[in-house]
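This report describes one protein chain, beginning with a single residue and then widening to the whole fold. Please keep the sequence and the structure in view while reading.

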Amino acid sequence: MRSRALAVTGAFEFTPEVFPDERGLFVSPFQEAAFVEAVGHPLFPVAQTSQSASARGVLRGIHFTLAPPGTAKYVHCARGSALDIVVDLRVGSPTFGVWDQVVLTGESFRSVYFPPGLGHAFVALQDDTVMCYLLSQRYRKENELALSALDPEIGLRLPGDLALTRSERDLEAPTLAEARALGRLPDYQECLRIEDTFRRV
């Protein structure tokens, strides 16, 4: 498995080897040894696994979790294709406001690790795109927040050839500046403290 650090501090891309044959294929989208070598600690204790299916043009996010509790994610695409986006929302981070993107597909099974405090968004590039998540915290509605993916201050480069479909929640989401003024963004040092607990698992 190959790993690559993304432009956002603490976020990594992982690309596994895929073994196809006449029956189909075999792949391991998560491999502990490669993860520890790249990130420096084991994967978080998994509290929940989740899966979404999206039609072409669906834009989900930017989503993030209050910290505490903070949620780390390990995300891959099981079918279809998606432009996966990570945004640093941690106030005080050396890469605050920086974003990066990775194309995830059901052919490459590439994955992205999101430490606590990062925002996550993706655009489905094909119909029936299935995204799979390992999560360090179980879902609690009151802890889950969103920012506008079209906020010009963040400046995401989204596909220009798609009519984007968003949920009502995402359409009404505040900008980065509005969320910061309300004190809703994660604190960088608190997020590092949360991630440090993964080292002691």
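F109 is buried, with a relative accessible area of 9%; buried means under 20% relative accessible area, exposed means over 50%, and partly exposed lies in between (1.4 Å probe, protein chains only). The residue belongs to the loop between β9 (99–105) and β10. Although F109 is not a glycine, its phi is positive, at about 55°.

The model is predicted, and therefore local features need pLDDT of at least 70 and side-chain atom pairs count only at pLDDT 80 or more, while totals for chains, interfaces and linings use all residues. Residues are numbered from 1 along each chain as its sequence is written, and side-chain values use heavy atoms, with hydrogens and water left out.

**The chain as a whole**

The chain has four helices and 13 strands. Helices (H or I, at least four residues) and strands (E, at least two) are DSSP runs, numbered from the N terminus. The radius of gyration of the chain is 16 Å, close to the 17 Å that the globule rule gives for 201 residues, so the chain is as compact as a globular protein of that length. This radius is taken over C-alpha atoms, and the globule rule is 2.2 Å times the number of residues to the power 0.38. Along its principal axes, the C-alpha trace spans about 55 × 45 × 30 Å.

Of the 201 residues, 51% count as buried. Among contacts with a separation of 6 or more, 81% are made by residues 24 or more positions apart, where contact means heavy atoms within 4.5 Å. The accessible surface comes to about 9700 Å², and 50% of that surface belongs to carbon and sulfur atoms.

The arc is that of the directions from the helix axis to the C-beta atoms. After α1 comes G40, whose phi is positive, near 95°.

In α4, the buried residues are Y188, E190, C191, I194 and E195. They cover an arc of only 160° around the axis, which puts them on the same side of α4. Elements covering these buried residues include α1 and β10.

**Residues in loops**

Which residues does P42 touch, not counting residues up to four places away in sequence? P42 touches E32, F35, V36, F198 and R199. P42 is found in the loop between α1 and β5 (48–54). P42 and E32 are 10 residues apart in sequence and 6.9 Å apart in space, C-alpha to C-alpha. By contrast in topic, E172 and V98 are 74 residues apart along the chain, and their C-alpha atoms are separated by 22 Å. E172 lies in the loop between α2 (168–171) and α3 (176–181).

D128 has a phi near 55°, a positive value in a residue other than glycine. Its loop runs between β11 (118–124) and β12 (129–135).

| Residue | Relative accessible area | Class |
|---|---|---|
| P42 | 25% | partly exposed |
| D128 | 39% | partly exposed |
| E172 | 60% | exposed |

**Cis peptide bonds**

Where do cis peptide bonds occur? One joins G61 and I62, with omega about 15°. I62 is part of strand β6 (residues 59–65). A cis peptide bond also joins A67 and P68, with omega about 0°. P68 lies in the loop between β6 and β7.

Methods. Accessible areas come from the Shrake-Rupley method with a 1.4 Å probe; for residues, only the protein chains shown count as cover.
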